[in-house]
Amino acid sequence: MALSENEQMYLYELESDIEDGNVYKMVEWASFYYYNHPEMIDDELSEQIVEYYEEGVDVGISLAALNLGAMYYSGIFIEQDFKKAIELYMIAAESDCLADICRRLGEFYLFGRETEKDLVKAIKMLSQAEALTYEKIYNKDPFAPKLLPKITELLEKAKSEFSV
């Protein structure tokens, strides 16, 4: 799929800012391909995306940590590494606990993936994800209702495994 004229102009502007060393624009550029045109990502482009996200993580951009963590979690464009994914999700959560970050961390704690199983932390993270998702639904975020069923399912599982 070819880029539209508007997309080409957008990337041109981003690349100009990237040449000036703007790390936020590096993350924006990487996210453009990651979200909008994953079909265009080849080995060379994936290496550039990983590099830009790593630079974003180094300066504390939570979106960079979230997306790079997702790449490590899924093994897309990079070798799967759950430990690295957890590290990156924790970095993202420290600065901005987005619903998706909280859900992913809750899932790691619930199933004990590359970390010790911890139902208290799982319930805490998943409850936070649920609250943030309801807030997004209230604010008319069109994507939030899609997140809620998975969060609810995981939270119910964690609570059912927790014994008082």
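Is Ala92 buried or exposed, at 0% relative accessibility? Ala92 counts as buried, because its relative accessibility is 0% and buried means under 20% relative accessible area, with exposed over 50% and partly exposed in between (1.4 Å probe, protein chains only).

## Basis of the model

This is a predicted model, in which local features need pLDDT of at least 70 and side-chain atom pairs count only at pLDDT 80 or more, while totals for chains, interfaces and linings use all residues. Residues are numbered from 1 along each chain as its sequence is written, and side-chain values use heavy atoms, with hydrogens and water left out.

## Overall fold

The chain has eight helices and zero strands; helices (H or I, at least four residues) and strands (E, at least two) are DSSP runs, numbered from the N terminus. Read from the N terminus, the order of elements is α-α-α-α-α-α-α-α. The C-alpha trace spans about 55 × 35 × 30 Å along its principal axes.

Of the 164 residues in the chain, 42% are buried. Contact means heavy atoms within 4.5 Å. Among contacts between residues at least 6 apart in sequence, 47% join residues at least 24 apart.

## Nonpolar core

A nonpolar core is a set of buried Ala, Val, Leu, Ile, Met, Phe, Trp, Tyr and Cys residues joined through side-chain atoms within 4.5 Å. The largest one has 48 residues, and those with the most contacts inside it are Trp29, Tyr33, Ile49, Tyr53, Leu68, Met71 and Tyr89. At least two residues of this core come from each of α1 (5–19), α2 (23–36), α3 (43–58), α4 (62–74), α5 (82–95), α6 (99–111), α7 (119–138) and α8 (144–161).

Leaving aside neighbours within four places in sequence, Leu68 is in contact with Val50, Tyr53, Glu54, Val57, Ile78 and Leu88. Ala92 is placed in helix α5.

## Aromatic pairs

Rings of Phe, Tyr and Trp (its six-membered ring) pair if their centres lie within 6.5 Å; planes under 30 degrees apart count as stacked, over 60 as edge-to-face and the rest as tilted. By this rule there are ten aromatic pairs. Trp29 and Tyr52 form an edge-to-face pair, because their ring centres are 5.1 Å apart and their planes stand at 75°. This pair links distant parts of the chain, with Trp29 in helix α2 and Tyr52 in helix α3, 23 residues apart. Both residues are buried.

Phe32 and Tyr33 also make an edge-to-face pair, at 5.2 Å centre to centre and 80° between the planes. Phe32 is buried, with a relative accessible area of 5%, and Tyr33 is buried at 8%. Ring pairs join Tyr10, Trp29, Phe32, Tyr33 and Tyr52 into a cluster.

## Largest pocket

On a 1 Å grid over the protein atoms alone, a cavity is a set of points where a 1.4 Å probe fits but cannot get out, and a pocket is an open set with protein on both sides within 12 Å along at least five of seven lines; lining residues have an atom within 4 Å of a point. Grid points are joined across faces, edges and corners, and a volume is the space filled by probe spheres set on the points. The largest pocket has a volume of about 260 Å³. Its lining consists of Tyr34, Tyr35, Leu66, Asn67, Ala70, Leu98, Ala99, Asp100, Arg104, Lys136 and Leu147. The elements giving two or more residues to this lining are α2, α4 and α6.

The lining residues divide into seven nonpolar, one polar and three charged; Ala, Val, Leu, Ile, Met, Phe, Trp, Tyr, Cys and Pro count as nonpolar, Asp, Glu, Lys and Arg as charged, and the others, Gly among them, as polar. Lys136 lies in helix α7 and is partly exposed, with a relative accessible area of 30%. Leaving aside neighbours within four places in sequence, Lys136 is in contact with Asp141 and Ala144.

Phe77 is not a glycine but has a positive phi of about 70°. Phe77 lies in the loop between α4 and α5 and is partly exposed, with a relative accessible area of 30%. Ser46, in helix α3, is buried at 6% relative accessibility. Leaving aside neighbours within four places in sequence, Ser46 is in contact with Ile41 and Phe77.

Glu114 also has a positive phi, near 55°, in a residue other than glycine. Glu114 is placed in the loop between α6 and α7 and counts as partly exposed at 45% relative accessibility.
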